[in-house]
Amino acid sequence: MQLVGQKAPLTGLGKICYQMVKSEGPTALYLGLTPALTRSVLYGGLRLGLYEPSKYVCEWAVGSSNVLVKIASGAFSGAIATALTNPTEVLKVRLQMNHDSGRGAITEMRKIVSEEGLRALWKGVGPAMARAAALTSSQLATYDEAKQVMSTEGPRALYKGGFAMFARLGPQTTITFITTCSIELLLQDQ
């Protein structure tokens, strides 16, 4: 999917899979599977495993365990996990791009390092770290805060302000839909 725009006009997932199987065979759907699974296991383990130690260090340094500490800890653990697993992501994309070569993951990795140098394994790591930092900080900080609220105040704490929120959003959503329908009707009449 990442390479489709480079080789042909963009189409849907089903059409891409059909074209790949037709032209390259069913094994083309599994190119890069080994590095993708390796990255998934390592990245997931690292981002979750680094969260608590980084939260502990942040709490010790700042002297607080507020939500900002949790957000910073999640951002750090996600960014570091991505930085460490980026070579497997590069390898996965290269295997998918160079499907005609018939090389395996180790051979492709050696080729990348010998032709482009070790730094080539970290191409695109900056944006990937930023994305992982935002994703992990939002997920883990939210989970940590919800877990703390649930353990101290019970499940009813999650519904605090629920009626007030609905009283505000319900009418606004209704008015938005009515306005949208009215505009569509006016545009149809013209």
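**View 1. Helix 4 meets helix 5 through residues from both elements.** In this predicted model, V90, L91, R94 and L95 of helix 4 meet A105, E108, M109, I112 and E116 of helix 5, where contact means heavy atoms within 4.5 Å. Helices are DSSP runs (H or I, at least four residues), numbered from the N terminus. Helix 4 covers residues 67-97 and helix 5 covers residues 105-116, and the two pack at an angle of about 100 degrees with their axes 10 Å apart; helix 4 is therefore roughly perpendicular to helix 5, a term for angles of 65 to 115 degrees. Axes are lines fitted to C-alpha atoms, for helices over the stretch in contact, and angles run from 0 to 180 degrees between N-to-C directions. The residues of this contact divide into six nonpolar, no polar and three charged, with Ala, Val, Leu, Ile, Met, Phe, Trp, Tyr, Cys and Pro counted as nonpolar, Asp, Glu, Lys and Arg as charged, and the others, Gly among them, as polar.

Residues are numbered from 1 along each chain as its sequence is written, and side-chain values use heavy atoms, with hydrogens and water left out. Because the model is predicted, local features need pLDDT of at least 70 and side-chain atom pairs count only at pLDDT 80 or more, whereas totals for chains, interfaces and linings use all residues.

**View 2. L91 is a buried residue of helix 4.** The relative accessible area of L91 is 5%, and buried means under 20%, exposed over 50% and partly exposed in between (1.4 Å probe, protein chains only). Leaving aside neighbours within four places in sequence, L91 is in contact with P35, A105, E108, M109 and I112. From L91 to S77, 14 residues apart in sequence, the C-alpha to C-alpha separation is 22 Å.

**View 3. V67 in helix 4 is shown with E145.** V67 is partly exposed, with a relative accessible area of 36%. Although V67 and E145 are 78 residues apart along the chain, their C-alpha atoms are separated by 7.2 Å.

**View 4. A146 and T173 are both partly exposed.** A146 has its place in helix 6, residues 125-153, and has a relative accessible area of 30%; the C-alpha atoms of A146 and K123, 23 residues apart along the chain, are separated by 36 Å. T173 belongs to helix 7, residues 162-189, and has a relative accessibility of 35%.

**View 5. The charged end of R39 sits over the ring of Y43.** The charged end lies 4.4 Å from the ring centre, the criterion being NZ of Lys or CZ of Arg within 6 Å of the ring centre and within 35 degrees of the ring normal.

Notes:
Parallel < 35°, antiparallel > 145°, perpendicular 65-115°, else oblique.
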